[in-house]
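Dear colleague,

I am handing over the structure below, and I would be glad if you kept it open while you read the notes that come after it.

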Amino acid sequence: MATLTVDFFSSLDGNGSARGWPGYWGKEGPDLRDYLVRKYAQDQVLVYGATTFREFRKFVAEYDEPYYDSLTALPKIVFSSTLSEPLGWSNSTVISDDAVTAMERLKRETDVPMRSHGSISLNRSLLAAGLVDFLEVMVFPAITGKAGYASLFHDGPDFDLELVESTVLDGRTQKLVYIPHLHTGIPEGVGPQRREA
């Protein structure tokens with residue numbers, strides 16, 4: 001069975017996107033770039049929603065990052081009811097079925113790891129359905145107060161997170177990998193206890 005990792009780049013205030021300045025531009029250093037090169041050199045399937053797919057397709061054509069060739073070479077799935085093939089980015093396949101139902105099936109049918117980056121609404125749905133095995137959060141030393149928007153977790157379900165990896169890149173950016181568990185309540189007997197009268 002395949003694992004699904006959701007990548008989330010975030011400023012300290014939890015915003016995954018920002019108008020004009022996404023928070024991490026200017027914060028990426030050699031450790032982060034080396035990590036991204038290694039990460040995307042691995043055998044995996046990339047998973048996107050339509051909006052993020054269009055943005056990445058444009059980025060890799062117009063800009064140069066040391067891992068963009070790997071993004072292009074890897075197999076990609078885009079969940080969309082509006083896009084159709086050919087998609088204009090090699091090794092890409094569109095799935096128009098419900099993303100949760102399709103992802104349940106895909107995880108059973110392959111053992112190749114899958115990774116989703118961006119695609120806030122898609123990732124919210126996959127998290128809520130319990131289909132995400134790992135949540136990789138990259139926290140950049142920035143606050144995108146006025147410019148920021150699109151927190152992955154806003155108005156979504158509650159999760160308990162089990163930390164399985166913690167790394168500092170370039171002396172300032174934290175990479176945190178969690179196993180998400182849907183929060184089912186506070187266990188009995190933990191937290192502040194009422195005083196006996």
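Predicted model: local features only at pLDDT ≥ 70, side-chain atom pairs only at ≥ 80, totals over all residues.

Residues are numbered from 1 along each chain as its sequence is written, and side-chain values use heavy atoms, with hydrogens and water left out.

A search of the whole structure finds 9 aromatic pairs (rings of Phe, Tyr and Trp, the last by its six-membered ring, with centres within 6.5 Å; planes under 30 degrees apart are stacked, over 60 edge-to-face, and the rest tilted). Among them is the tilted pair of Tyr48 and Phe56, at 5.2 Å centre to centre and 45 degrees between the planes, and both residues are buried (under 20% relative accessible area, with a 1.4 Å probe and protein chains only). Tyr48 also pairs with Trp89, and because the centres lie 5.8 Å apart with the planes at 40 degrees, this pair is tilted. Both Tyr48 and Trp89 are buried, and one aromatic cluster is formed by Tyr48, Phe53, Phe56, Phe59, Tyr63 and Trp89. The charged end of Lys76 sits over the ring of Trp89, 4.6 Å from its centre (the rule asks for NZ of Lys or CZ of Arg within 6 Å of the ring centre and within 35 degrees of the ring normal).

With kind regards

Notes:
Buried < 20%, exposed > 50% of the residue type's maximum accessible area, 1.4 Å probe, protein only.
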